[in-house]
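Good morning, colleagues. Please look at the sequence and structure.

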Amino acid sequence: MNTSIAPSETRPPALSIRGLAKRFGEKVAVDNINLDVPAGSFYGLVGPNGAGKTTTLSMATGLLRPDFGQVSVHGLDVWAQPLEAKKLMGLLPDGVRLFDRLSGEQLVTYAGLLRGMDKDTVALRVKDLLAALDLTRDAGTLVVDYSAGMTKKIALAAALIHAPRLLVLDEPFESVDPVSAANIRDILHDYVNSGGTVIVSSHVMDLVQRMCDHVAVIAGGKVLAAGTVDEVRGEMSLEEKFVELVGGRNQTAGLSWLRTS
Amino acid sequence: MVAHLLRLKVALLRNSMNRTPWQLVGLIIGALYGLGILVMVLVGLAVLGATDSALVGTVLVLAGAALFLGWLIVPVVAAGLDMTLDPARFTTYAIPMKSMLTGLALSGFIGIPGAITLLAAVGTAAAWWRHPVAAVAALICGALAALTCIVASRAITAASTSLASSRRFRDVSGIVVLVPLMLMGPIIAGISSGITDFADFLPQLANTVSWTPLGAIWAVPAAIASGAYGAAAVKFLIALATIAALTWVWKVCLVRALVTPAFSGKARRKPGKLGFFAMFAQTPTGAIAARCLTYWFRDPRYSAGLLISPLIPVVLVFGGSQTGGMDAVGPILSYSGAIAAFMIAWSISSDISYDSTAFALHLASGVCGKADRTGRVLAASVLALPLGLLFAIAGSVVSGTWAQFPPAVGLIMGAAGAGLGLASVLSSRFTMMAPLPGESPMKSKPGNSFATVLVQLGGFVGAGVLAAPVAVLVIIGAVTGQPLFGWLALLVGLLLGALYVVLGIRIGGAQYERRGPELLQSVSVDR
C-alpha cells in the first residue's frame with residue numbers, strides 16, 4: 001500500500017521520490033518507495049530499526065546510488081544533475097564520521113567553504129550557528145573530543161550553514177540534551193515558517209507527533225502510510241497507530257519476577 | 001569469581017572462532033606456529049644444557065630479558081592487542097579487586113602467546129638436566145617469570161589506558177615507536193661496530209642484566225647451578241619484589257581506570273583559531289587544501305608518513321656512506337630528496353580511505369571533482385616540494401658543489417608530479433582498508449585484497465616509468481659530467497611534473513564525479 005498524497009499547492013514538492021529501490025545482496029532494503037514531501041512542510045519519517053529510513057534518505061540526497069527509481073528536489077533530478085540538486089539540500093547523516101580532527105569552528109567553516117560561499121558570510125554564519133547551538137565555548141576544541149550530543153549539534157551546524165531549501169536530518173535528536181533539543185526545534189520551526197522544508201527521521205513518535213505536520217511510516221522497505229500527521233494517526237496517538245501498522249508488540253504477561261514487592 | 005573470568009575468556013575465544021571459519025584457520029595456524037617455536041626452543045634448551053652452565057646462564061638471562069621486554073613493549077605498540085577481557089567492561093559488576101587481578105592475570109595464559117610463554121619459561125628446566133636442583137628451581141622460576149610477563153603487560157596496558165584517555169598520548173605514542181624502527185639498521189650497525197668483541201660483551205651484559213628486574217628471575221637457576229646460593233637468594237628476592245611492584249602498579253592504575261570514564265574532559269577552547277583555513281584561498285579548493293594540511297599535522301596516520309619520509313634519505317645516505325665513502329653522501333642526499341618527496345606525494349593515494357565515511361561531507365556538498373583533487377594535491381605538494389628542496393640544498397652544501405642541484409630539483413619535481421598525478425587518478429578509483437580515524441598508524445588491516453597490493457605496486461612502477469625521462473637525463477649528466485644535461489633534467493622535470501599533475505587532476509576529477517557514491521560505499525564497508 002503506497003499512499004502518496006498529492007501536493008496541496010501548485011509548486012513542485014520539495015522532495016519527490018518515485019519507485020525507489022535498493023538491494024544489498026539478498027536483502028531488499030528499500031522496496032519501490034513513492035513519497036512526496038510538500039514544500040514548506042515539517043516531515044517526519046518514522047519506522048522500526050532496519051526499516052530502510054537511512055537507505056532511503058541516502059539515496060534521496062545523492063550519497064547512495066539507487067538500483068531503481070527517481071528522486072527530485074524542487075524539480076531537479078538528484079541523480080541526473082547531482083551538483084545542482086545538492087546545492088539545495090542540507091544533510092545531517094546518521095552513522096557517518098565527521099572530519100573530527102578539525103575544531104568545531106573549523107568544521108563548520110569547512111562545510112561552508114565547500115559549498116562555495118564567500119568567507120565573510122561563512123564567518124558570520126559560523127558565529128551565529130555556534131551561538132544558537134550553544135557551542136561557542138567549545139568552538140576551538142577538536143570535534144574528536146566532543147561528546148556525542150555536541151557532535152550531533154556541530155554536524156547540524158554544518159548542514160545549516162548554506163541555508164538550504166531542503167533540510168534532511170537523520171536522527172537529529174539522538175543523544176542531544178533536552179535543552180539543546182528544544183533550541184534545535186525552535187530553529188527548525190523558524191526555518192519551516194520562513195518557507196524551508198525539513199525531513200527528520202526518528203524513533204521517537206511523541207516528538208514527531210508534536211513537531212511535524214506530515215509523517216510517513218516506513219517498515220520493511222515500504223511506505224505503510226503517509227500524509228499529514230492527523231490523517232495518518234486518525235483518532236489514535238501516532239505511537240499507537242505506528243504499533244498497529246508495524247506490529248510486533250509483545251503480548252505476554254511480562255517479567256513476573258521483576259517486581260520488588 | 002576467578003573461575004568465572006577464566007571461563008569467560010575461553011567462551012570468548014570459542015565464539016570468535018564460530019564467527020567465521022577463517023578465524024579458526026588463523027588460530028590453528030597461530031597455534032602450529034607457536035608449537036613449532038616451542039619445540040625448537042625446548043630442543044635448543046636441551047642441547048644447550050650439554051654445554052657449560054655459565055653459557056646456559058648467559059643465554060637464558062638474555063633471552064628471558066628479551067621476552068620480558070617484548071611483553072612490555074608489544075601492548076604499547078599494538079594498542080588494544082588483546083582486550084577481550086578489557087577491565088573497563090567490568091566496571092558495572094562489583095568484582096572484588098583481588099579476584100579481578102587474579103582472574104585477569106591467569107586469563108593471560110589462555111591464548112597462544114601466553115600459553116607458549118608459560119610452557120617455554122617452565123621448559124627452561126630442560127636446559128638444566130645436568131643440574132637437578134637447578135632444574136627444579138627453573139620450574140618454579142619459569143612459572144613465576146611467565147606470570148611476571150603477563151602482569152607486566154597488564155600493568156603497562158592499564159597504565160597506558162589511564163594515560164590513553166588523553167587522545168594526544170595515544171596519537172603520539174603510536175608514532176614515536178616508528179622512528180627507532182626506521183633507524184634500526186643504522187643503530188644496530190653503529191652499536192656492533194662500537195663493540196669490537198661482541199662475544200666478550202654478552203656475558204658481561206648478561207651478568208649486569210641478571211641483577212636487574214629484567215633478568216633476575218631467569219638467573220636464579222644458573223646461580224644455584226654454580227653453587228652461588230647467596231646470589232640465587234638475592235636474585236629471587238629481586239624477582240619477587242619486581243612482581244610485587246608490578247602488581248601494585250597494575251592495581252593502582254586499574255582502580256583509577258575503573259573510576260575514570262574513557263572520555264576525558266578537555267579544557268574548553270574559544271573560537272577564533274582557524275589555522276590553515278585562514279591561510280588558503282577561501283574557495284572549495286583552498287578549504288580542502290587547508291583541511292588536508294591540518295590533517296597532515298593532527299592525524300597520526302598522516303604525521304607518521306610525514307615523519308618517516310625524511311628518514312628514508314637518511315637511511316639511504318647511511319647505506320651509501322658504508323659502501324661509497326663520504327664522497328657519495330652529498331649526491332645521495334640530493335637525489336634521495338626525490339624519494340622523500342614522492343613518498344609524501346604518493347600518500348594522497350589513500351586520502352579517501354583515510355577520510356573514511358567523513359567523505360560523505362564532500363559528496364553531500366556537491367564538491368566538484370576538480371576542486372577535491374586539486375585541494376588534496378595542493379596540501380601534499382606544500383609539504384613534499386619544500387622537503388625535497390631541503391634535501392637538494394643540504395646535499396649540495398655537504399658535497400661543496402652546486403653542480404648536482406639543478407638535476408636533483410628536476411628529479412624531485414618529476415617524481416613528486418608523477419606521484420601526485422597518479423595518486424589523484426588511482427585514489428578516485430580504488431580505496432583500501434586503511435586504519436580508521438583515531439586508530440594506530442601501525443595497524444595493518446586484514447582484508448586488503450590482492451587487488452589493493454597490485455594497485456600500490458602498479459602505482460610505484462607507474463610513477464617510476466613516468467619519472468624515467470628525468471632520471472635518464474640525470475644519469476647521462478652524471479656520467480658525461482656535462483652541466484647541460486643537468487639543466488635539461490631540471491627543465492624536463494618541471495614540465496613533466498606539471499603535466500602529470502594537470503592530467504591527474506583532470507582524469508581523477510572526472511572519475512571522482514562519476515564514482516563519488518561508489519567511493520563512499522566502499523569506505524563505508526569498514527567503519
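Let me begin with a term: a residue is buried under 20% relative accessible area, exposed over 50% and partly exposed in between, with a 1.4 Å probe and protein chains only. This is a predicted model, in which local features need pLDDT of at least 70 and side-chain atom pairs count only at pLDDT 80 or more, while totals for chains, interfaces and linings use all residues. Residues are numbered from 1 along each chain as its sequence is written, chains are lettered from A and ligands numbered from 1 in the order in which they are written, and side-chain values use heavy atoms, without hydrogens and water.

Now to the pairs. Rings of Phe, Tyr and Trp (its six-membered ring) pair if their centres lie within 6.5 Å; planes under 30 degrees apart are stacked, over 60 edge-to-face, and the rest tilted. Over all chains, this rule gives twelve aromatic pairs. In one of them, the planes of A:Phe99 and A:Tyr110 stand at 85 degrees with centres 5.7 Å apart, so the pair is edge-to-face. A:Phe99 counts as buried because its relative accessibility is 1%; A:Tyr110, at 0%, is buried as well.

In chain B, B:Phe342 and B:Phe460 form a tilted pair, with 5.7 Å between centres and 55 degrees between planes. Which of these two is buried, and which partly exposed? B:Phe342 is buried, at 11%, whereas B:Phe460 is partly exposed, at 37%.

Finally, A:Phe99 and A:Tyr110 belong to one aromatic cluster, whose members include B:Tyr295 and B:Trp296.
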